[in-house]
Amino acid sequence: MFENLMEAEKHFEEINQMLMDPEVISDNEKYKNLMKEHKNLSPIIEKYREYKTVQNNLEGAKQLIDESSGDPEMREMAEDEYKECKEAIETITDELKILLLPKDEDDDKNVIIEIRAGTGGEEAALFAHSVYRMYSMYADRKNYKIEVMNINETELGGVKEISFMVEGNGAFSRFKFESGVHRVQRVPETETQGRVHTSAITVAVLPEAEEVEIDINPADLEIDTFRSGGAGGQHVNKTDSAIRITHKPTGVVVECQDERSQFKNRDKAMKMLRTKLLDAEREKQRAEISSERKSQVGSGDRSERIRTYNYPQSRLTDHRIGLTLYSLEQILDGDLDGVIDALITADRAEKLQNSQFN
């Protein structure tokens with residue numbers, strides 16, 4: 001590990017030199033790529049340099065212990081420093097191992113999230129709206145931008161399905177573990193006898209595909225226009241501005257009807273289509289490579305029940321990592337960091353266990 005870190009530090013210094021070269025600065029693409037590499041390496045190099053400083057302090061303390069046999073007070077001070085440095089090195093080494101884990105290439109991307117009501121009828125649709133609201137409020141806390149791409153509302157304020165994009169640096173890294181079945185246990189407003197009902201929704205989380213990642217032949221597309229539907233209000237248009245695109249080779253269908261402009265709806269629908277086709281292609285590649293054991297956090301399989309929201313007990317349980325929190329109201333108001341951080345920690349622990357460092 002430390003041989004790799006020495007090489008990384010050397011490369012980091014080379015990048016610093018290149019970034020000051022006028023020729024590199026004038027080459028926008030090269031400069032942009034070097035800046036990205038510099039950004040990715042910076043936390044690793046900073047932590048490695050911290051390790052080297054503490055290591056030097058450790059060696060200095062050890063030397064002082066050896067030289068202060070006749071001065072009990074000095075020896076005690078040196079032994080305390082040695083112990084502190086030893087503990088710090090263990091902590092920094094663990095942090096370096098985490099920083100050196102392979103980075104998910106999609107972590108910095110925008111993300112498209114699809115929420116669909118499942119078992120439970122209107123109650124599931126109402127819960128789907130609650131989860132959309134939770135994600136919206138969380139995105140706001142993170143200074144991400146939310147853009148609705150398609151929505152199918154119900155008369156009572158629920159949503160049968162909704163697709164939306166979350167834009168912001170690191171959006172996928174924060175939302176990627178949300179894919180799966182979310183179950184809710186609560187007493188519906190229409191329930192006269194106070195019985196708890198169980199409903200479910202599905203959430204799909206996809207990193208936004210860039211145009212260069214997936215090539216779409218226009219001849220493979222069937223594009224239809226139609227008038228927006230829904231329960232009424234701002235989402236109903238009086239012109240045929242809604243867009244439905246069918247990718248004929250795969251049968252993938254996407255719709256966008258949130259904008260009043262047909263051009264804007266088409267642009268959004270193409271973003272969704274590229275993202276879905278890229279996700280399908282990656283899923284196929286993953287299946288072909290191996291059927292290796294799923295990680296503790298889960299594969300993101302949309303048929304997998306990942307979480308239960310129990311309203312009577314104000315309890316959220318994430319079944320993948322055995323996490324239980326009794327702060328459901330705050331979580332539904334967008335306070336999701338406690339859940340997401342725990343999932344990221346569990347994922348890192350699993351990767352560390354299977355990494356070259358063990």
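Analyst: Beyond its neighbours within four places in sequence, Arg307 is in contact with Glu178, Val181, His182, Arg183, Leu316, Thr317, Asp318, His319, Arg320, Val339 and Leu343. The model is a predicted one. Arg307 itself belongs to strand S9, which covers residues 305-310. With a relative accessible area of 0%, Arg307 falls under the 20% limit and is therefore buried. One of its contacts is polar: the side chain of Arg307 meets the side chain of Glu178 at 2.7 Å.

Strand S10 spans 315-318, and Ser314 lies in the loop between S9 and S10. The backbone at Ser314 deserves attention, for its phi is positive, about 50°, although the residue is not a glycine. Ser314 has a relative accessible area of 27%, and because this value lies between 20% and 50%, the residue is classed as partly exposed.

A second residue with a positive phi is Asn143, which is not glycine either and has a phi near 60°. Asn143 is located in the loop that links helix H5 (121-141) to S2. Its relative accessibility is 71%, which is over 50%, so Asn143 counts as exposed.

Strand S2 itself comprises residues 145-153, and Glu153 is part of it. Glu153 has a relative accessibility of 24% and is accordingly partly exposed. In space, the C-alpha atoms of Glu153 and Leu126 are 9.5 Å apart, while 27 residues separate the two in sequence.

Elsewhere in the model, the packing of two helices may be described. Helix H1 (residues 2-18) packs against helix H3 (residues 28-67) at an angle of about 130°, and their axes are 9 Å apart. Because this angle lies between 115 and 145 degrees, the two helices are oblique to each other. The crossing of H1 past H3 is left-handed. The residues of this contact comprise 13 nonpolar, four polar and five charged ones. On the side of H1 they include Phe2, Leu5, Met6, Phe12 and Ile15. On the side of H3, Leu34, Leu41, Ile44, Ile45 and Tyr48 are among them. Charged residues also take part, including Glu9 and Glu13 in H1 and Glu37, Arg49 and Lys52 in H3.

Terms used
Residues numbered from 1 in each chain as written. Predicted model: local features only at pLDDT ≥ 70, side-chain atom pairs only at ≥ 80, totals over all residues. Heavy atoms only, no water. Helix = DSSP H or I, 4+ residues; strand = E, 2+ residues; numbered from the N terminus. Buried < 20%, exposed > 50% of the residue type's maximum accessible area, 1.4 Å probe, protein only. Axes fitted to C-alpha atoms, helices over the stretch in contact; angles between N-to-C directions. Parallel < 35°, antiparallel > 145°, perpendicular 65-115°, else oblique. Left-handed = near helix turned anticlockwise from the far one by under 90°. Contact = heavy atoms within 4.5 Å. Polar contact = N/O pair within 3.5 Å; in protein donor to acceptor, adjacent residues only side chain to side chain.
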